[in-house]
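Visitor: I would like to go through the charged side chains of this protein. Please show me the model.

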Amino acid sequence: MNRKYSFVWPTVIALALAIGIFIGGKLHFNDSPEKLFTTNSKKDKLNRLIDYIDYEYVDQIDTDSIVDVTVNNILDKLDPHSVYIPRQEMDKVAENMKGDFVGIGINFYMYKDTVAVIRPVPNGPSDKKGVLPGDRILRADGEPLFGKDLGDNSVVKQLKGKRGSKVKLEIYRKEMDSLFSITVKRDRIPIKSVDARFMLDSDIGYIKINRFAESTYKEFKTALKELQKEGAEKLVLDLRDNPGGYLGIAEQMADEFLEDGKLILFTKNKKGKVDKAFATSKGDFEDKPVYVLINERSASASEIIAGALQDNDIGTIVGRRSFGKGLVQREMDLGDGSAVRLTVSRYYTPTGRSIQKDYKKGNKDYYQKFTARYQSGELLSVDSIKVADSLKFTTPLGKVVYGGGGIIPDVFVPIGSNEEEAIKSMSSLGFISYFIFEHLEEDRKRYQIYSLEEFLKDFTVDDILFERFIDYCINNNIKIDFYTYEESIKRYLKATLAVQLFDENYGAKIRSVSDPMLQKVLELERATIAQDEASRIEAKN
């Protein structure tokens with residue numbers, strides 16, 4: 001497969017930003033169906049028009065597609081986060097927000113028109129049956145899984161099925177030049193919300209969360225307990241690039257850090273009804289230092305947590321101003337398998353802030369505001385962030401915070417250079433991963449000598465692999481100052497090797513060494529320790 005990549009900054013981030021910023025809020029909706037769907041002239045007009053087109057129009061028209069376009073046009077006039085979910089996309093959306101699906105448990109590429117296993121899901125159905133990285137799955141129940149016209153969706157459709165159902169796989173293993181068959185029983189496969197969790201320092205735990213799905217709180221609690229067993233007395237909660245998810249899950253997570261009775265947020269609907277969410281007594285990380293990392297792609301539920309902690313004078317928010325989404329949606333069935341996520345209320349932080357940015361000029365302008373942030377210099381300097389005195393609020397301890405357009409962090413960390421952000425984009429968009437897969441395909445045995453501990457401690461990316469990566473980039477029309485950023489590129493190559501050989505967690509740990517926000521956290525911690533020591537000495541004297 002010949003993939004072409006082109007990085008134009010800040011277009012790459014603007015594109016990534018626009019994808020996936022939506023949220024379903026699980027709120028009570030008190031209007032009855034009778035009140036919502038009573039007949040009126042406006043609805044009759046639309047229904048009659050569709051009927052005329054269906055039965056009288058001169059050409060054959062797919063009225064379903066007309067309805068879809070109509071629904072989307074209506075929602076576009078409301079706000080950027082009221083969205084239509086077509087019937088054919090509902091299963092995928094539901095799986096993503098539920099946090100699991102039923103399948104055979106593999107990560108794969110369509111590599112040279114064949115399904116190639118990157119790595120089986122640990123303890124998943126394929127892993128238990130001995131499927132290995134690099135295996136080619138040629139057929140599923142006799143149906144071919146190769147060919148130029150076979151896309152990822154077709155593969156997924158054949159490999160997914162009902163829980164407990166069996167599928168016969170025909171596999172080719174390159175290392176042994178062997179062809180064999182196995183039967184795999186499909187099972188639930190988790191779609192992880194917790195990307196990584198590890199000890200950043202002797203007493204600082206780190207948890208990275210990619211979205212707020214049904215399973216996220218449970219995953220978070222498990223990761224937190226494991227870190228506490230390893231000695232974590234402080235926590236870094238990484239919500240960068242997290243587009244949000246379920247409101248209730250964000251409330252549960254915020255509750256872990258807030259004392260009983262503290263306000264987490266409140267919502268207000270069209271009728272002025274206010275619903276307040278308060279912390280309970282069940283939090284496991286109250287009265288302990290916490291750092292929350294955010295950036296310009298942290299939205300919605302991520303902002304709820306950051307705002308709740310900031311307004312209650314808990315922890316430290318580190319990074320750059322968040323996206324600015326203060327609207328809450330509820331998913332509503334449209335009766336034909338499709339659904340709409342309609343904005344039903346606004347949410348406010350404990351001090352009363354709305355962090356929703358302006359959307360009066362339409363969706364295009366709304367999402368282009370990121371580009372405006374970049375051009376204004378606000379991603380490089382906190383002094384470039386425009387705030388309005390009319391949106392000034394004060395926390396219980398007297399800290400000034402602002403509403404409108406996102407959460408402004410307590411400690412600002414500027415965005416990296418164009419080259420640094422391009423390298424991160426190459427990693428997040430899978431470009432480096434594809435290169436590493438091709439590299440491993442040449443000789444996987446050379447890495448079998450390393451245990452995890454040995455790989456983390458002893459393995460270094462040599463100049464040969466580095467130069468090959470440069471050639472790979474140039475062949476795919478990517479040109480940056482490779483040698484100035486050699487150390488960083490080699491670290492990303494090693495991290496990606498760790499992901500494909502071992503687990504994503506170890507890749508994240510390797511990347512953390514050069515992560516500016518994590519290094520800022522460690523700097524803040526050192527300053528706090530030094531200040532405490534100075535105070536102790538002064539008190540003693």
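This is a predicted model: local features need pLDDT of at least 70, side-chain atom pairs count only at pLDDT 80 or more; totals for chains, interfaces and linings use all residues.

Guide: Residues are numbered from 1 along each chain as its sequence is written, and side-chain values use heavy atoms, with hydrogens and water left out.

Visitor: How many salt bridges does the structure hold?
Guide: Side chains of opposite charge can pair when their charged atoms come close. A salt bridge here is a side-chain nitrogen of Lys or Arg within 4 Å of a carboxyl oxygen of Asp or Glu. By that criterion the number of salt bridges is 34.

Visitor: How many residues apart in sequence are the parts that K160 and E95 tie together?
Guide: K160 and E95 form a salt bridge, with the closest N and O atoms 2.7 Å apart. K160 lies in the loop between helix 7 (152–159) and strand 7 (166–173), and E95 lies in helix 5 (residues 87–98), so the pair ties together parts whose separation in sequence is 65 residues. Helices (H or I, at least four residues) and strands (E, at least two) are DSSP runs, numbered from the N terminus.

Visitor: Is E95 buried or exposed?
Guide: Buried means under 20% relative accessible area, exposed over 50%, and partly exposed in between (1.4 Å probe, protein chains only). E95 has a relative accessibility of 19%, so E95 counts as buried.

Visitor: Which residue forms a salt bridge with D187?
Guide: D187 lies in strand 9 (residues 187–190), and its partner is in the loop between helix 7 and strand 7. D187 is partly exposed, with a relative accessible area of 28%. The closest N and O atoms of the pair are 2.9 Å apart, and the partner is R163.

Visitor: What separates E523 and K520 along helix 18?
Guide: E523 and K520 form a salt bridge, the closest N and O atoms being 3.3 Å apart. The two are three residues apart in helix 18 (residues 516–540), so their separation is about one helical turn.

Visitor: Which residues form a negative surface patch?
Guide: Patch residues have over 30% relative accessible area and no salt bridge, and like charges are joined within 9 Å. D64, in helix 4 (residues 63–76), is partly exposed at 49%. The patch is formed by D51, D54, D62 and D64.

Note on methods
Patches are made of residues with over 30% relative accessible area and no salt bridge: like charges are joined within 9 Å, nonpolar side chains (Val, Leu, Ile, Met, Phe, Trp, Tyr) within 5 Å. Accessible areas come from the Shrake-Rupley method with a 1.4 Å probe; for residues, only the protein chains shown count as cover. Lys and Arg count as positive and Asp and Glu as negative; His and the chain ends are not counted. The place of a charge is taken as NZ of Lys, CZ of Arg, CG of Asp or CD of Glu.
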